[in-house]
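Subject: Structure handover and findings

Hi,

The structure is below, with my notes after it. Please read the two side by side.

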Amino acid sequence: PTVAPRAQTPQRPRNNTAFRAAFRASFLGNMATAWARASPTKTAPSVRVSAADLAEFEFYTPSRSAGSVLVIDVDRPEAVLDIFDTIPPEIRPSWIVETRKGAQAGWMIDTVDLRSTARERPIAYARAIGAALREALAGDEAVDPLTPVRVRNPTYIRAELRASATPPVYGLKQLHQALKTADLWPEGMRFTGRSATKKAHRAIAAAIDTGNRNQTVFDVARHAAYVGEDFEAVAWQTNDAAPEPLKAAEVRGIIRSIAGYMANHRGHRSTVAMPSQMRELLSEMGRRGGLANTAAQRAARALGPTASAAARKPRTDTKARTAQKMRAQGHSAAAIGRKLAASPATVYRWLRRHVRHQCRFSSVEHQVIQRPPRRSTAPSAGSLPGHLRYWPHPRHQTPAPRCTRQPPPTGP
């Protein structure tokens, strides 16, 4: 059979100063902002830099107030050839940055206002076109084309760049018509809803607001660590997506906490995500259990929190007695904690607490008891003032007797 030749990719421009300067001028002229957030590496914290200094950083975050680019991340070795084979020539990417895993393609577009007071239809239109480009190239679903968190900087002085000195700037309608003509527009995709865009903005604002940034960064990063992903990079990316990012020291603390937990022998060791079928099955089991409302469930709710506390106390007393017994045998607090799966603070609290030992035939307490005051030939102690009464010195106090087995009583 005859195999059609692959589309010819344009020659890579010479990496000279004039070409870089011309491309940088075109790119910065379309940014519509004089400042940007950039970072030297993928895992380093981002800083606010001017547009003139953007070429010194390998990664950057596009503006959240004005969308001027659509970025698609394709993680395949043949990504560059697939891009030129799939995308029509009239809407070829404005630039392509090659990576070790694939490539990132970017389209410079007419500026779209992304502020909360902007019209929602242009934003929905731009997001629909970005989603169509991503689906056509089978790009990374985690990268939002219009508002990506952190992408490669095409103006970086060492970037493996494929572009022209004056990259084209596309209109949204031009991209839309070209994708429909090439039969690359997904069926059923609509961008007329106003409420959908508003809900998306509200969801993002609720997920990463000023008072919930630490928890959001921690949750997203730890779930990435559970499945074996680069949780450090995910932590920095999530922090960059916040309206007011955390300080670098706080993000480093979150990363150290997750790294310590994963390194612990009792930490999370799963490297494979739970299958969707298993997750749905567990969700259905939990839903059925919550809706059952059996007599036992109603009785347990009627007892209230006091019943659960009463059920937990015997287990806690048992662990406390075990801890005191191991301590008497010469074990350290760390060894006791490993044995009982408790922290050192909990072990020391168990060693200090008052525990009543229950024996089958007798009940005694592990505490110091005082003998009654001594009687003397002098006037009785009760007739003396309180400050003249005699109490034995603590050294003369006797400890409680040990719990010994006594014979059961006989007779009725």
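First, the ground rules. This is a predicted model: local features need pLDDT of at least 70, side-chain atom pairs count only at pLDDT 80 or more, and totals for chains, interfaces and linings use all residues. Numbering starts from 1 along each chain as its sequence is written, and side-chain values use heavy atoms, with hydrogens and water left out.

**Overall**

The protein has 13 helices and 11 strands. These are DSSP runs, numbered from the N terminus: H or I over at least four residues for helices, E over at least two for strands. Of the 412 residues, 34% count as buried. Buried means under 20% relative accessible area, exposed means over 50%, and partly exposed is in between, with a 1.4 Å probe and protein chains only. Contact means heavy atoms within 4.5 Å. Among contacts with a separation of 6 or more, 69% come from residues 24 or more positions apart.

**Cores**

A nonpolar core here is a set of buried Ala, Val, Leu, Ile, Met, Phe, Trp, Tyr and Cys residues joined through side-chain atoms within 4.5 Å. The largest one holds 32 residues. Leu70, Trp107, Ile129, Leu133 and Leu175 touch the most other members. At least two residues each come from β4 (66-74), α2 (79-86), β6 (103-113), α3 (120-137) and α4 (172-181). The top contributor is α3, with 8 residues. Ile129 touches Leu70, Leu172, Leu175, His176, Leu179 and Trp185, not counting residues up to four places away in sequence.

**Helix packing**

Two packed helices are described by the angle between their axes and the distance between the axes. Take α6 (residues 213-226) and α8 (residues 248-263): their axes come within 10 Å and cross at roughly 35°. The axes are lines fitted to C-alpha atoms, for helices over the stretch in contact, and angles run from 0 to 180 degrees between N-to-C directions. The crossing of α6 and α8 is right-handed. From α6, the contact uses Asn214, Val217, Phe218, Ala221, Arg222, Ala225 and Tyr226. From α8, Glu250, Ile254, Ser257, Ile258, Tyr261 and Met262 take part. The residues of this contact divide into 9 nonpolar, 2 polar and 2 charged.

Now α13 (residues 344-352). Its buried residues are Thr346, Val347 and Trp350. Seen down the axis of α13, they fall within an arc of 100°, so they line one face of the helix. The arc is that of the directions from the helix axis to the C-beta atoms. These buried residues pack against α11 (305-328) and α12 (333-340). Ala345 and Arg352, on the other side of α13, are exposed.

**Single residues**

- Tyr125 lies in α3. Tyr125 is buried, with a relative accessible area of 17%. Its C-alpha is 9.0 Å from that of Lys173, 48 residues apart along the chain.
- Gln104 lies in β6 and is buried, at 9% relative accessibility.
- Pro40 sits in the loop between β1 (35-39) and β2 (47-50). At 42% relative accessibility, Pro40 is partly exposed. Pro40 touches Pro45, Phe57, Glu58 and Phe59, leaving out residues up to four places away in sequence.

Last, backbone angles. Most residues other than glycine have a negative phi.

- Ala138 has a positive phi, near 55°. Ala138 is in the loop between α3 and β7 (151-152).
- Ala341 also has a positive phi, of about 55°. Ala341 is in the loop between α12 and α13 and is exposed, with a relative accessible area of 58%.

Best wishes

Terms used
Left-handed = near helix turned anticlockwise from the far one by under 90°. Nonpolar A, V, L, I, M, F, W, Y, C, P; charged D, E, K, R; others polar.
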